[in-house]
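Here is a set of questions and answers for working through one protein chain. Keep the sequence and the 3D view open while reading.

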Amino acid sequence: MTASDKPAPHPLFKLATELGPLIIFFGANAKFGLFVATAAFMVAIVAAIVASYVVTKHVPLMAIVTAVIVLVFGGLTLFFHDELFIKIKPTIIYALFALTLGIGLLMGRSFIAIMFDQMFNLTPEGWRLLTIRWMFFFAGMAVLNEIVWRTQTTDFWVSFKAFGVLPITAVFAMLQTSLIKRFSIEPATDEAGDTERGDITKS
């Protein structure tokens with residue numbers, strides 16, 4: 001199934017499923033503390049996955065991987081009653097994504113296409129360059145998360161996670177627009193196909 005074949009959710013729905021769990025995490029932490037917030041975050045991210053599947057009949061691979069790691073490290077946080085696990089969870093996710101992309105490059109493959117669910121079509125060189133950029137971005141975010149949680153308060157880290165990560169990621173993604181346009185492959189149109197078939201018929 002190509003990107004064009006998949007139902008496109010309303011932008012507000014997509015924003016709600018991505019930002020909603022983080023807002024719940026932030027609000028629960030402010031009112032009840034990190035451990036209740038962790039439990040609420042786990043429930044919210046599962047609900048977002050289910051809602052996404054119900055509406056689009058499809059869940060991106062990145063969302064699934066993120067949800068699994070959230071459940072694992074959130075569960076460890078609650079079981080051991082230790083904030084460390086939920087705080088290093090973003091580091092693990094970013095490092096895993098960066099490592100996956102790096103291994104793909106060594107294998108001559110651009111796994112970024114899979115991670116972003118084939119949202120667009122690029123030339124091999126375009127995918128390679130985009131993969132390199134996102135690999136370094138994820139590695140940088142892993143380092144940034146480590147710096148924030150190790151040097152700042154828990155409340156600051158929660159605020160950064162809820163309201164800092166998404167804008168940073170959005171800005172970085174927008175900065176890739178020129179690269180995507182430069183290496184984009186335009187799909188063949190039906191009109192072109194009809195013209196070719198007509199020429200063959202005439203000949």
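**Salt bridges, burial and helix contacts**

Q: Is R150 buried or exposed?
A: This is a predicted model, and the classes rest on relative accessibility, where over 50% is the cut-off for exposed. R150 has a relative accessibility of 57%. Because that value is over the cut-off, R150 counts as exposed.

Q: With which residue does E146 form a salt bridge?
A: Both partners lie in helix α6, four residues apart, about one turn of the helix. E146 itself is buried, at a relative accessible area of 18%. The closest N and O atoms of the pair are 2.7 Å apart, and the partner of E146 is R150.

Q: How far apart are the closest N and O atoms of E125 and R128?
A: E125 and R128 sit three residues apart in helix α6 (residues 124–151), so about one helical turn separates them. E125 is partly exposed at 34%, and R128 is partly exposed at 36%. The two form a salt bridge, and their closest N and O atoms are separated by 2.9 Å.

Q: Which residue forms a salt bridge with K87?
A: The two partners both lie in helix α4 (residues 83–106), four residues apart. K87 counts as buried, with 8% relative accessibility. The closest N and O atoms are 3.1 Å apart, and the partner of K87 is E83.

Q: Is E83 buried, partly exposed or exposed?
A: Buried means under 20% relative accessible area, and exposed means over 50%. E83 has a relative accessible area of 28%. Because this value falls in between, E83 is partly exposed.

Q: How many salt bridges are there?
A: A pair counts when a side-chain nitrogen of Lys or Arg is within 4 Å of a carboxyl oxygen of Asp or Glu. K87 pairs with E83, E125 with R128, and E146 with R150. The count of salt bridges is three.

Q: The side chain of N145 reaches the backbone oxygen of which residue?
A: N145 lies in helix α6 and counts as buried at 3% relative accessibility. Leaving aside neighbours within four places in sequence, N145 is in contact with K87, I88, P90, T91 and W157. The side chain of N145 reaches a backbone oxygen at 3.0 Å, and that oxygen belongs to K87.

Q: Which backbone oxygen does the side chain of T56 reach at 2.6 Å?
A: T56 is part of helix α2 (residues 34–56). It is buried, with a relative accessible area of 7%. Its side chain reaches the backbone oxygen of H58 at 2.7 Å. At 2.6 Å, the side chain of T56 reaches the backbone oxygen of S52.

Q: At what angle do the axes of helix α7 and helix α8 cross?
A: Helix α7 covers residues 154–163 and helix α8 covers residues 165–175. Their axes come within 4 Å and cross at roughly 35°.

Q: How far apart are the C-alpha atoms of L99 and F136?
A: L99 lies in helix α4 and is exposed, with a relative accessible area of 53%. Along the chain, L99 and F136 are 37 residues apart. Their C-alpha atoms are separated by 9.8 Å.

Q: How many helices does the chain have?
A: Along the sequence, the pattern reads α-α-α-α-α-α-α-α-α-α. The chain has zero strands, and its number of helices is 10.

Q: What percentage of the 203 residues counts as buried?
A: Among contacts between residues at least 6 apart in sequence, 68% join residues at least 24 apart. Buried residues are those under 20% relative accessible area. Of the 203 residues of the chain, the buried share is 36%.

Methods: Residues are numbered from 1 along each chain as its sequence is written. This is a predicted model: local features need pLDDT of at least 70, side-chain atom pairs count only at pLDDT 80 or more; totals for chains, interfaces and linings use all residues. Side-chain values use heavy atoms; hydrogens and water are left out. Helices (H or I, at least four residues) and strands (E, at least two) are DSSP runs, numbered from the N terminus. Buried means under 20% relative accessible area, exposed over 50%, partly exposed in between (1.4 Å probe, protein chains only). Axes are lines fitted to C-alpha atoms, for helices over the stretch in contact, and angles run from 0 to 180 degrees between N-to-C directions. A polar contact is a pair of N or O atoms within 3.5 Å; within protein, one must be able to donate a hydrogen and the other to accept it, and residues adjacent in sequence count only if both atoms are side-chain atoms. Contact means heavy atoms within 4.5 Å.
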